[in-house]
Amino acid sequence: MSCSHCEGGDSRQAAIATSPNILLVGNPNVGKSTLFNRLTGAKQTIRNAPGTTVDLSSGGWRAGGRSITVMDSPGTYSLLAKSADEQVVTDLLTCDIDDREPDLVVAVLDAGAMSRSLYLLGQLSKVGLPTIVVLTMVDMAKAQGRVIDAEALSAIVGVPVVVADPRHGTGIDALEQAVKTGLEVRPRLLGPDAKACTCGTGGDCCQDTATKPDSTTLEGMLEEADDVFAWVELVSARLGQDQPIIETTRSDKIDRVLLHPVAGVAVLLGVLWLLFELTTLVATPIMDWAEGFVAGPVTDGVTWLTGLVGMSGSWFESLLVDGILAGIGVVFSFVPLMFIMFLALSLLEDSGYLARAALLADRLMRAIGLDGRAVLPLIVGFGCNLPALAATKTLPNSAHRTVTALLVPLTSCTARLTVYILIAAAFFPNHAGIVVFLMYLGSVVLVILAGLLLKVIFKDKTASEPLFLVLPNYQTPRLGTVLMDAGRRALAFLKGAGVTIVIMLTLMWGLMAIPVRGGHEIGDVPIEDSLYAATAEAVTPIFEPAGFGDWHATAALMTGFVAKETVVASLAQSYQVDEPEENSYADAEGSDLGSRMRADFDAASGGHGGAAALAFLVFVLAYTPCVATFAEQKRVLGWKITSIAFMTQIVLAWLLAVAVFQIGTLI
């Protein structure tokens with residue numbers, strides 16, 4: 001790496017004079033993101049790095065009388081990129097993103113783990129960008145018996161070193177002054193290659209010009225790493241940090257319980273159970289209230305307004321109420337759920353427990369090519385797939401995020417339970433409980449088999465490397481910080497997935513509102529005469545090999561893409577009967593809906609209604625959970641991967657349903 005960044009002084013000074021940008025760089029769990037939140041507050045945006053699924057957060061900060069753009073980079077231990085996340089950090093430092101390099105790098109170092117932090121700092125010195133250092137976790141380092149002299153460190157590395165505690169807001173004024181000075185003076189790090197490298201305005205960076213192997217070759221990379229390690233040892237010795245810690249800390253004492261092979265696993269199961277409950281029992285009443293608010297007062301207000309302008313009962317009112325507002329209601333109902341999940345994740349991460357949970361689950365998850373950090377999203381998926389997909393954002397490895405996000409829709413969320421109960425009770429009244437249990441067991445099997453397949457497909461990116469985790473010290477989560485982080489991420493969901501949900505539900509309204517026979521008006525169409533029913537009838541022959549080639553079943557599956565809970569309502573509506581009581585085996589068995597379904601499934605399957613019902617259940621289990629999940633998966637993975645996953649899941653569901661029916665007819 002060279003100091004080519006020092007070139008073009010005049011143009012760079014012009015850029016700095018207008019709107020400078022600074023980049024936060026550091027290891028995971030050093031307080032970098034907490035510092036970012038402290039500086040930018042609510043003035044933040046989240047986007048993906050180009051061509052990746054890696055989140056980048058940027059925000060505005062008023063410092064030194066000027067507006068500054070702050071970007072938070074993914075946590076990394078090295079600039080020799082081995083993952084998409086680490087590559088993004090390297091790209092940010094070499095102007096491959098937005099075609100503009102940072103005006104100032106703020107290197108965030110953990111005072112309690114100086115050797116690890118100094119290794120990254122040594123690599124940053126080779127990039128040659130203006131840099132200042134922020135020293136965090138100083139109080140925890142003191143608790144370990146380590147005291148870092150910031151002035152001595154500054155003299156050694158040649159740039160300003162500021163002590164700050166972003167969790168409590170101390171040191172921010174000193175950081176502001178250091179940033180102001182850094183943008184003017186552009187200090188350069190004295191790293192392994194440097195002689196004396198402090199650049200003046202528009203000046204050039206001084207570097208050792210001795211001939212060395214090309215750093216892109218294996219020989220060059222090894223020598224470069226050796227240089228950095230030697231430099232780290234030298235700096236550590238000069239700071240008096242080369243002696244091992246022998247004192248037992250509070251975190252060590254807690255870990256004796258939380259990392260115990262028995263007690264630790266019990267606590268982990270309790271935490272996972274609590275997360276599951278949060279996505280079901282706790283969030284459900286809030287979600288119902290949110291959706292009811294849109295369906296009630298908001299809808300009443302809209303219908304009142306359409307009545308004022310003489311459009312009451314028109315197709316336009318139907319579009320607003322049954323299309324757009326229905327979509328907004330779904331989005332609005334999911335926001336509390338997402339906020340609760342993000343809040344829980346932020347609390348676990350800020351407390352330091354999330355890394356321990358990953359360590360405990362690591363051996364289990366390696367069977368499908370992932371590491372322990374993937375267990376949390378997959379468990380949450382059995383409550384609701386939507387927050388489970390959001391939880392994949394906690395995975396630092398991009399390939400693991402992709403694989404986990406592809407597996408989550410195969411976890412059987414509670415929304416599918418209503419369908420399981422209806423079909424199981426209607427067709428297998430004496431064994432309904434067993435059938436429902438088999439659906440959940442089948443979900444686990446699908447996740448494992450799909451994981452093994454994806455392990456082969458992504459073998460070069462999810463190779464079973466040892467899980468390298470730095471266990472942060474336990475901390476009391478800062479409520480303000482975690483609330484801000486949860487709110488920011490929930491808002492990102494609202495902006496990203498929310499638009500897709502509203503558009504797709506409005507399109508669904510169009511299918512149901514447009515008549516294809518019977519001379520009805522738009523927006524006032526019996527379901528059997530709508531484009532929706534005609535589409536279902538056209539698709540129905542596809543399901544004949546699975547035994548449920550009946551338009552009522554096909555229409556219900558189409559509605560199920562909106563939300564699995566609506567499958568039962570769609571069946572009741574298409575058969576024009578009352579919907580059975582929710583989650584009631586007895587009611588589903590004896591209802592008119594149950595008897596009508598048995599008759600149609602028997603007719604469509606040639607007398608094998610039970611096999612056809614099982615095939616229908618398997619299809620419900622395996623195909624895309626709902627439009628909200630699709631939208632969130634698109635936000636996490638992008639359109640290309642999500643589209644491929646969507647089609648693959650539909651084909652998989654069809655193949656499994658056909659196999660179940662064909663085998664069932666032989667038994």
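This is a predicted model: local features need pLDDT of at least 70, side-chain atom pairs count only at pLDDT 80 or more; totals for chains, interfaces and linings use all residues.
I began with W289, which counts as exposed because its relative accessibility is 56% and the cut-off for exposed is over 50%.

**Entry 1: aromatic rings**

I looked up the ring pairs next, and the structure holds 17 aromatic pairs. One of them is W289 with F293: the ring centres are 5.7 Å apart and the planes sit at 20 degrees, so I wrote this pair down as stacked. Both residues belong to helix α10 (residues 263-308), where a spacing of 4 residues puts about one helical turn between them. Is F293 buried, exposed or partly exposed? I found a relative accessible area of 36%, so F293 goes down as partly exposed.

Then I turned to F548 and F619, which make an edge-to-face pair, with 6.4 Å from centre to centre and 70 degrees between the planes. F548 sits in the loop between α19 and α20 (551-560), while F619 is in helix α24 (residues 609-622), so this pair ties together parts 71 residues apart in sequence. I checked how covered they are: F548 has 0% relative accessibility and counts as buried, and F619, at 4%, counts as buried too. I also saw that F548 and F619 belong to one aromatic cluster, along with F427, F543, F601, F616 and Y623.

**Entry 2: salt bridges**

How many salt bridges are there? The count came to 8. D72 and K32 form one of them through their side chains, at 2.8 Å from N to O. Distant parts of the chain are linked here: D72 is in strand β4 (residues 66-72) and K32 in helix α2 (residues 32-40), 40 residues apart. I noted both D72 and K32 as buried.

I looked at R356 and D255 next, whose closest N and O atoms are 3.0 Å apart in a salt bridge. R356 is in helix α12 (residues 353-365) and D255 in helix α9 (residues 250-258), so parts that are 101 residues apart in sequence are tied together. Both R356 and D255 are buried.

E537 and R517 make another salt bridge, at 3.1 Å from N to O. E537 belongs to helix α19 (residues 531-539) and R517 to the loop between α18 (479-513) and α19, so the parts tied together are 20 residues apart in sequence. I have E537 as partly exposed at 35% relative accessible area, and R517 as partly exposed at 34%.

I checked strand β5 (residues 104-110) residue by residue, and 7 of its 7 residues are buried. L104, V106, V108 and D110 point one way, and V105, A107 and L109 point the other way.

β5 pairs in the parallel sense with strand β1 (residues 21-26) over 5 bridges, and L23 stands opposite V105. β5 also runs parallel to strand β6 (residues 131-136), joined by 6 bridges. Which residue in β6 is the bridge partner of D110? I found T136. To get from β5 to β6 the chain passes through helix α4 (residues 114-127), and this β-α-β crossover is right-handed.

**Entry 3: positive phi**

M137 has a phi near 60 degrees and lies in the loop between β6 and α5 (138-143). M137 is buried, with 15% relative accessible area. R186 has a phi of about 55 degrees and is found in the loop between α7 (172-185) and α8 (218-239). I put R186 down as buried, at 0% relative accessibility.

Note on methods. Residues are numbered from 1 along each chain as its sequence is written. Side-chain values use heavy atoms; hydrogens and water are left out. A salt bridge is a side-chain nitrogen of Lys or Arg within 4 Å of a carboxyl oxygen of Asp or Glu. Helices (H or I, at least four residues) and strands (E, at least two) are DSSP runs, numbered from the N terminus. Buried means under 20% relative accessible area, exposed over 50%, partly exposed in between (1.4 Å probe, protein chains only). Two strands pair if DSSP finds at least two bridges between them. A crossover is right-handed if, with the strands pointing away from the viewer, the path from the first strand over the helix to the second runs clockwise. Rings of Phe, Tyr and Trp (its six-membered ring) pair if their centres lie within 6.5 Å; planes under 30 degrees apart count as stacked, over 60 as edge-to-face and the rest as tilted.
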